[in-house]
Amino acid sequence: MIIWQNVKKILVVRLRSIGDTVLTTPSLIALRRFLPDAQIDILLEDWVAPVLDGFEAVNNVLTVSKDTKDRIKLAKKLRQEKYDVAFNLHGGTTSTFLIRASGAKHRVGYKNYQYSFLYNHLLSSASDFWQKEQTHSAEQQLALLGFVGVPVEDRPKTQLFISKENAEEMDLFLHVYGVDEEEIALIHPAAAFDTKQWSAANFATIIDYLASRKIFPIVITSPKEEHILDKINVKTSAMFHGFSDLTLSQVTALASRAKIFVGNDSGIAHIAAAVKTPSVVIFGSSNRNHWRPWTDAPHEIVYEEFPCQPCAGYVCKEFGEPKCILSVKTEGVIEAIEKVL
């Protein structure tokens with residue numbers, strides 16, 4: 001049993017992706033309101049840490065790289081902090097190692113984690129905690145907190161912080177590109193796997209439609225996905241701006257300025273939801289119940305039902321090509337856009 005009035009320092013570990021990080025924010029919010037004076041630190045992978053720049057529910061954002069020496073150095077640093085409670089919201093081998101290395105008196109995780117014997121507070125499942133079969137990623141993380149006594153019944157939604165400096169930088173950015181006085185749409189046409197990526201031609205149709213509504217499209221990708229911008233460019237007759245080099249802080253500020261977000265199921269979609277931007281998210285292979293936007297802002301998800309969903313998404317083993325995402329029609333996305341607008 002955790003005596004919460006004696007808890008001064010908490011470590012939260014959530015390694016992996018952008019979306020995973022954003023979906024940790026409800027748990028961080030719940031912890032902060034329960035323990036307003038405690039030190040709450042979160043450990044993230046170094047490349048994704050900027051997502052939580054300025055996030056007021058945490059004291060410190062710690063980072064880890066893939067370098068073994070860096071991880072050993074970090075483990076020593078965590079032990080020196082003398083955390084009272086450590087939550088593993090991920091469950092992977094590296095995060096378990098770091099949780100144990102921290103020496104925290106109370107180590108909280110799920111029974112199905114590998115090396116679960118290294119924890120002393122183990123929850124059977126989020127379904128058991130919430131008493132329902134289907135649970136969202138945010139609910140899975142909140143369940144670990146609720147299991148050890150943190151109030152989570154209201155299930156806080158995702159939130160992100162935008163600093164005054166980032167907001168002003170984005171205003172200048174939009175001014176330079178001549179769209180500072182226009183309504184803009186943020187489009188994210190990329191995804192981690194082919195089974196989650198709607199075609200560039202379809203996104204071009206959506207860009208044409210948004211432009212016809214006098215909403216200026218801004219399309220973003222990562223540098224390695226820049227070829228998608230080229231594919232869209234040859235398919236659309238509308239004017240748009242495409243960027244492949246924005247930082248995560250810039251993406252967050254840009255999302256907050258958008259009238260609407262349209263994109264694949266991705267971390268960028270969760271960023272948009274967390275800054276309360278109306279969103280349309282296109283789903284393919286992913287578990288919609290688990291990964292849909294966790295927000296009070298208007299949002300729609302668009303998909304075609306297949307009996308093989310959800311799947312891991314690395315390749316389509318059922319049809320050879322990802323019919324789940326390829327079957328989503330532009331008409332359905334346009335209808336969803338109309339609903340959220």
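Helix α10 (residues 248–257) lies across β7 and β8, running at about 135° to β7. Contact means heavy atoms within 4.5 Å, and angles run from 0 to 180 degrees between N-to-C directions, with axes fitted to C-alpha atoms, for helices over the stretch in contact. The model is predicted: local features need pLDDT of at least 70, side-chain atom pairs count only at pLDDT 80 or more, and totals for chains, interfaces and linings use all residues. Residues are numbered from 1 along each chain as its sequence is written, and side-chain values use heavy atoms, leaving out hydrogens and water.

**The sheet**
- Six strands form an open sheet in the order β9-β8-β7-β10-β11-β12, with parallel pairing; strands (E, at least two residues) and helices (H or I, at least four) are DSSP runs numbered from the N terminus.
- β9 (241–243) and β12 (299–302) each have a single partner strand, so one side of each is left without a neighbour in the sheet.
- From one strand to the next, the twist averages 15°.
- Four bridges link β7 in the parallel sense to β8 (residues 216–220), where pairing requires at least two DSSP bridges.
- Leu 186 has Ile 218 in β8 as its bridge partner.

- Helix α14 (residues 330–340) lies across β10 (260–264), β11 (279–282) and β12, at about 170° to β12.

- Tyr 177 lies in the loop between α7 (164–176) and β7 (184–188).
- Tyr 177 counts as partly exposed because its relative accessibility is 37%, the class between buried (under 20%) and exposed (over 50%), using a 1.4 Å probe and protein chains only.
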